[in-house]
Amino acid sequence: MLLFVARRLLYLIPVLIAVSLLTFFIASLLPGDLAYTILGDQATPENVAALRKDMGLDQPIWIRYFGWLGNILQGDFGRSFRTGQTVLQAVAERLPVSLELMILAEIMGLVIGVPLAIVCAARSGSAFDRFMTGSAFAMLSVPAFLSAILLIYLFAVELRWLPATGYVPFAEDPAANLRFMVLPALTLALAEWPGIMRVLRSDMIATLQEDYIALAKAKGLKASRILFVHALKPSSLTLVTITGINIGRLIGGAVIVETIFALPGIGRLLVGAIYTRDLIILQGVVLMVAAGFVIVNFIVDLLYAVLDPRIRHGHA
């Protein structure tokens, strides 16, 4: 198992280097001059030239990249020219909000998708199965911003059960925090459960046709035990993959959802950095988010090894 983990960790190094390259060069290719943006009305040719030299913007792009990467390896992701706040401070303030949103959304998606997948697999071809499959296709075509608007109209405007916008930290008032987070998390969950349901349903239908399932039925085991003990775990490998990939989808969805629901998370930080052309914050946050996504996929690889011993022993 240790060899398996070490091998996967080695694979992370070139991936993280590639992520840093893409992050830096894409941000550097954005139109405009950072020196002009920082100086604003004081952007005289002399001031611009002095600031570009001070920030190293007059150097070749590959020298700037290695200097930026060297600072990152020392824990210095840069400082916002607009607020004076470091990237690490900005992320530390907003990361708990985005993590809570993504965790709640993933839990809701699993709570909705997994039971439906099990029921559909057990009743494959039934009217309920066909209805839920069609509903999943329909939900996949609904964008997150439309779901958010519909949920706000229904639960905040018409029923007045939940607030439409705002945020209360969990440490201050857990109940109020959850009330503010329900609609944003449900918005993301509505986009996640169809994929979870369809993938797990397909895998469970295939698993239920295996010989050992027929043997379990012949032994007289209860249908619930067969579904939850003998069929669910072998069918969960693809579900684990989908859950890991969903983290990237949730990050993308959080940019829209946090803006609509006025949540002070990473998504709104990115949007604000784009609007104000705060490239230092933009580069640092994008790199940290991308690195987090890579690490999540590494954790998914480890979960594979836990669920299927053949993987960690190199036999599958």
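Predicted model: local features only at pLDDT ≥ 70, side-chain atom pairs only at ≥ 80, totals over all residues.
Residues are numbered from 1 along each chain as its sequence is written, and side-chain values use heavy atoms, with hydrogens and water left out.

**Salt bridges**

What joins Asp129 and Arg201? I found a salt bridge between their side chains, at 2.7 Å from N to O (the cut-off is a side-chain nitrogen of Lys or Arg within 4 Å of a carboxyl oxygen of Asp or Glu). Asp129 sits in helix H6 (residues 127-140) and Arg201 in helix H8 (residues 174-207), so this pair ties together parts that are 72 residues apart in sequence.

I then searched the whole structure and got 2 salt bridges. Glu93 and Arg94 also meet through their side chains, at 3.5 Å from N to O. Is Arg94 buried or partly exposed? I noted Arg94 as partly exposed, at 22% relative accessibility.

**Fold and overall numbers**

I counted 14 helices and 0 strands in the chain (these are DSSP runs, H or I of at least four residues for helices and E of at least two for strands, numbered from the N terminus). The C-alpha trace spans about 85 × 55 × 35 Å along its principal axes.

Of the 316 residues, 38% count as buried. I also looked at contacts (heavy atoms within 4.5 Å): among those with a separation of 6 or more, 73% come from residues 24 or more positions apart.

**Surface and charge**

The chain exposes about 17,100 Å², and carbon and sulfur atoms supply 68% of that (Shrake-Rupley areas with a 1.4 Å probe). Which residues make the nonpolar surface patch of about 480 Å²? I listed Leu10, Tyr11, Ile13, Ile17 and Leu21 (patch residues have over 30% relative accessible area and no salt bridge, with nonpolar side chains joined within 5 Å and like charges within 9 Å). Leu10 belongs to helix H1 (residues 2-28) and is exposed, with a relative accessible area of 56%.

Last, I checked charges: the mean positions of the 24 positive and 21 negative ones are 11 Å apart (Lys and Arg against Asp and Glu, leaving out His and the chain ends).

Terms used: Buried < 20%, exposed > 50% of the residue type's maximum accessible area, 1.4 Å probe, protein only. Charge placed at Lys NZ, Arg CZ, Asp CG, Glu CD.
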